[in-house]
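The following note goes through the structure point by point, for a reader who is new to such models. Please keep the sequence and the 3D view at hand while reading.

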Amino acid sequence: MGDVDMGKGAGSVSIIGGADGPTSIFIAGKGGRVKLTTRIGNHFRRLKRNRIKKRITANPHTLEEVAELLKREYGAVEVSQQSFNYQEQRKCLKASLVMHHRPDLLGELMDLEPPEGEDVETLKAFWEQLQEREKMAAEITDDIFPVDFHIYAIKCPENCMMQIGVETVWQVIDGSSSGDKKTMKQLRKLFKKIYLYYGVTAEDIKNETERYKSLLGHLSMIFNAKWQNFCIRKILMPALV
């Protein structure tokens with residue numbers, strides 16, 4: 001991870017990448033200072049995360065059982081592996097998995113260092129190297145790095161769509177959805193139920209494995225925004241009066 005100083009008056013630009021997956025670029029606030037409301041929000045997220053930890057119990061199911069649940073309970077249909085949507089998602093997933101589990105397959109491209117300074121051409125060249133790395137990872141053949149990826153689509157009557165991606169070799173489950181605000185809230189609850197069904201073993205909990213951390217992360221994202229905003233107002237309002 002590295003920070004690129006874009007000059008006075010600009011927000012700091014952070015370029016994040018490495019073994020955990022494809023690179024992202026985001027801009028922080030001026031001077032790198034974190035707003036009070038952001039710090040308060042982070043505090044409540046930590047509290048929420050700690051409460052969730054205490055509620056997680058061992059009740060595991062296999063990804064094959066998850067796929068059967070999707071089809072049986074929610075009428076999910078598997079997306080064609082010849083479709084553009086499937087091919088693009090598989091490519092991105094494989095690149096991320098290779099960078100996480102087998103960075104040695106990428107040689108020198110795995111050790112890219114963000115450039116210093118604000119030269120546009122240098123930053124552009126660095127970004128092109130990142131793209132080359134992701135492409136190289138995605139094109140590694142399955143006999144070297146196997147991937148068994150499936151996408152299951154759940155259609156909703158409210159003109160929305162939910163897709164659940166399941167990868168059985170490296171044990172990955174994730175979801176995406178589209179719809180209005182009310183529908184999205186319902187779909188997030190649905191994904192929470194699906195991920196809870198996948199669950200964790202007692203060993204996962206004890207050793208805080210990647211499966212456990214992934215479950216904790218997904219459950220932590222199901223955050224009660226109204227409760228959070230209420231707590232922030234309770235803290236800020238006395239100071240503003």
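1. Setting aside neighbours within four places in sequence, Val166 is in contact with Leu63, Asp148, Phe149, His150, Tyr152 and Val172. These contacts are read from a predicted model. Val166 lies in strand β6. Is Val166 buried or exposed? With a relative accessibility of 2%, Val166 counts as buried, because the cut-off for a buried residue is under 20%. One of its contact partners, Asp148, stands 18 residues away along the chain, and the C-alpha atoms of Val166 and Asp148 are 8.2 Å apart.

2. As to the overall make-up, the protein contains 8 helices and 7 strands. It has 241 residues, of which 34% count as buried. Among contacts with a separation of 6 or more, 61% are between residues 24 or more positions apart.

3. In soluble globular proteins, nonpolar side chains tend to be buried together. The largest nonpolar core here has 26 residues, and Ile56, Leu70, Met162, Ile164, Ile173 and Ile194 have the most contacts inside it. At least two residues of this core come from each of α2 (63-74), β5 (149-156), β6 (160-167), α5 (181-198) and α7 (210-221). Which of these elements gives the most to the core? It is α5, with 6 residues.

4. Met162 deserves a separate look. Apart from neighbours within four places in sequence, Met162 is in contact with Tyr152, Ala153, Ile154, Ser176, Ser177, Leu187, Leu190 and Phe191. There is also a second, separate core of 17 residues, which includes Val79, Val98, Met99 and Ile151.

5. Two packed helices are described by the angle between their axes and the distance between the axes. The axes of helix α3 (residues 84-101) and helix α4 (residues 120-138) come within 8 Å and cross at roughly 95 degrees. Helix α3 is therefore roughly perpendicular to α4, because angles of 65 to 115 degrees are counted in that class. On the α3 side the contact is made by Lys91, Lys94, Ala95, Val98 and Met99, and on the α4 side by Arg133, Glu134, Ala137 and Ala138. Sorted by class, this contact has 5 nonpolar and 4 charged residues, with no polar ones. Val98 and Met99 of α3 take part in the contact, and both also belong to the second core.

6. The aromatic rings form the next topic. How many aromatic pairs does a search of the whole structure find? The search finds 4. In one of them, the ring centres of Tyr86 and Phe149 are 5.5 Å apart and the planes meet at 25 degrees, so this pair is stacked. The pair joins distant parts of the chain, since Tyr86 is in helix α3 and Phe149 is in strand β5, 63 residues apart. Tyr86 and Phe149 are both buried.

7. Tyr195 and Tyr198 make an edge-to-face aromatic pair, with 5.9 Å from centre to centre and 85 degrees between the planes. Both residues lie in helix α5, 3 residues apart, about one turn of the helix. Tyr195 and Tyr198 are also both buried. Together with Phe191, they form one aromatic cluster. Phe191 is among the contacts of Met162 described above.

8. His61 is placed in the loop between α1 (36-55) and α2. Which residues are in contact with His61, leaving aside neighbours within four places in sequence? They are Tyr197, Tyr198 and Arg211. His61 has a relative accessible area of 19% and is buried, because buried means under 20%.

9. The last point concerns backbone angles. Most residues other than glycine have a negative phi. Gln171 has a positive phi, near 60 degrees. Its place is in the loop between β6 and β7 (172-178), and at 41% relative accessibility Gln171 counts as partly exposed. Glu208 also has a positive phi, near 50 degrees. Glu208 is in the loop between α6 (202-207) and α7, and with a relative accessible area of 38% Glu208 is partly exposed. The reader may wish to locate both loops in the 3D view.

Terms used: Residues are numbered from 1 along each chain as its sequence is written. This is a predicted model: local features need pLDDT of at least 70, side-chain atom pairs count only at pLDDT 80 or more; totals for chains, interfaces and linings use all residues. Side-chain values use heavy atoms; hydrogens and water are left out. Axes are lines fitted to C-alpha atoms, for helices over the stretch in contact, and angles run from 0 to 180 degrees between N-to-C directions. Helices (H or I, at least four residues) and strands (E, at least two) are DSSP runs, numbered from the N terminus. Angles under 35 degrees count as roughly parallel, over 145 as roughly antiparallel, 65 to 115 as roughly perpendicular and the rest as oblique. Contact means heavy atoms within 4.5 Å. Ala, Val, Leu, Ile, Met, Phe, Trp, Tyr, Cys and Pro count as nonpolar, Asp, Glu, Lys and Arg as charged, and the others, Gly among them, as polar. A nonpolar core is a set of buried Ala, Val, Leu, Ile, Met, Phe, Trp, Tyr and Cys residues joined through side-chain atoms within 4.5 Å. Buried means under 20% relative accessible area, exposed over 50%, partly exposed in between (1.4 Å probe, protein chains only). Rings of Phe, Tyr and Trp (its six-membered ring) pair if their centres lie within 6.5 Å; planes under 30 degrees apart count as stacked, over 60 as edge-to-face and the rest as tilted.
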